[in-house]
Amino acid sequence: MTSLKEVYKDYFDIGAAVWPAAPKTHAELLKQHFSSITCENVMKPALIHPERERYDFEKADALVDFAIQNGMKMRGHTLVWHNQTPGWFFKKSDGSDVSREELLTAMTEHMKTVVERYKGKVYCWDVVNEALSDSSGGFLRDTPWLRIVGEDFLDHAFRAAHEADPDALLFYNDYNESDPEKRDRMYALVKGLKERGVPIHGIGLQGHWYINHPPMEQVREAIEKYASLGVILHVTEMDISVFDWDDRRTDLKEPEPWMFEAQAETYGKLFELFREYRDVVKNVTTWGVADDYSWLDNFPQKGRKNWPMLFDVNHNPKPAFERIIKF
Ligand code: GLA
């Protein structure tokens, strides 16, 4: 079978998000098609640093080893986020908030330990994840990072990550990246960081998309706008849901006949766009490997099966795969 990473070797890396069992359950697909992996969860603060004095590196180490053994690049995900971050970062044992200084110290120590450990093995990091607000009102999202540290928490995060590994490429990562309002905020955020001399090298476009959304023109405009900042772009968490965002039906046990064709069309157009912008798009990662395992089986509707990947539940290539290898 044609290898996806071979087809794209002159364009960009092809990545997949993986979990601890994936090197066994999805070994063949991973080895044949992917040149980069990201830990779906095990490098997140809640899993790698569950208590102030306790780190748990075992699962992340194993995935890093798998990447090295198979000549794959490893993306680091993620360091500063409001989700999947243990409460001890933000609260004292009496339940009150830690101080700004205490939170910045915890952040720096976390980066020093985690980023330094994987120096030379993890080539890039999603340093800050989802710091922008969704509503058009506020600029930054209301999180403990913002409340306790203030708006400069991003500056501190990128500087600390850079200090821990000066060779790592550092990313700001977020979703709804092509929505015009959020896009303009993301542009302004990264522009500000760059103007202040903060070390940031890339923007991560999560790419949680749908068969009919977003409009291709908006994705193109977003790519152009971000690229004008002189940063590189990674598509970090791509999947294409077969359901629209507000379609919450739960009765579908098998995909409807038209769905995989429509999905192939969307994957095809997006990959065409990424190829066109290969000077700035350097990695395209799917958030999973095949349809037998996806976070979308539980989001936005718990227990509702979705089929968002390039390979089906039996690990066979779907129409979307066939579409993106032909150009
Ligand atoms: C966000 C995060 C990811 C992951 C997905 C859902 O996009 O960045 O780490 O949690 O949500 O799985």
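## Close-up views of a predicted model

**View 1. Aspartate 97 in a loop.** Aspartate 97 belongs to the loop that runs between E3 and H6. The model shown here and in the following views is a predicted one. Aspartate 97 has a relative accessibility of 34%, so it is classed as partly exposed, given that this class lies between the limits of under 20% for buried and over 50% for exposed. Between aspartate 97 and valine 18 there are 34 Å in space, taken from C-alpha to C-alpha, and the two are 79 residues apart in sequence.

**View 2. Glutamine 84 and its backbone angle.** Glutamine 84 is located in the loop between strand E3 (73-80) and helix H6 (100-117). The phi angle of glutamine 84 is near 45°, a positive value in a residue that is not glycine. Glutamine 84 counts as partly exposed because its relative accessible area is 32%.

View 3. The ligand takes up the space of the largest pocket.

View 4. Histidine 77 places a polar side-chain atom 2.5 Å from an oxygen atom of the ligand. For asparagine 129, a polar side-chain atom is found 2.9 Å from an oxygen atom of the ligand. In the side chain of glutamine 206, an N or O atom is 2.7 Å from an oxygen atom of the ligand. The ligand taken alone exposes 300 Å², and 89% of that is buried by the protein.

View 5. Proline 214 is part of the loop between strand E7 (208-210) and helix H10 (216-227).

**View 6. Proline 300 and histidine 315 in a loop.** Proline 300 is situated in the loop between strand E9 (281-286) and helix H12 (319-325). The peptide bond from phenylalanine 299 to proline 300 is cis, with omega near -5°. Histidine 315 is likewise found in the loop between E9 and H12. Although histidine 315 is not a glycine, its phi is positive, at about 75°.

View 7. Phenylalanine 271 is a residue of helix H11, which covers residues 259-276. Because its relative accessible area is 1%, phenylalanine 271 is buried. The C-alpha atoms of phenylalanine 271 and valine 284 are 8.9 Å apart in space, and these residues are 13 residues apart in sequence. Phenylalanine 260 also has its place in helix H11. With a relative accessibility of 17%, phenylalanine 260 counts as buried, since the limit for this class is under 20%. Phenylalanine 260 and asparagine 41 are 219 residues apart in sequence, and 28 Å separate them in space, C-alpha to C-alpha.

Terms used: Residues numbered from 1 in each chain as written. Predicted model: local features only at pLDDT ≥ 70, side-chain atom pairs only at ≥ 80, totals over all residues. Heavy atoms only, no water. Polar contact = N/O pair within 3.5 Å; in protein donor to acceptor, adjacent residues only side chain to side chain. Areas by Shrake-Rupley, 256 points an atom, 1.4 Å probe, with all protein chains shown as cover. 1 Å grid on protein atoms, 1.4 Å probe; cavity = no way out; pocket = protein on both sides within 12 Å on 5 of 7 lines; lining within 4 Å. Sits in = over half its atoms within 2 Å of the grid points. Helix = DSSP H or I, 4+ residues; strand = E, 2+ residues; numbered from the N terminus. Buried < 20%, exposed > 50% of the residue type's maximum accessible area, 1.4 Å probe, protein only.
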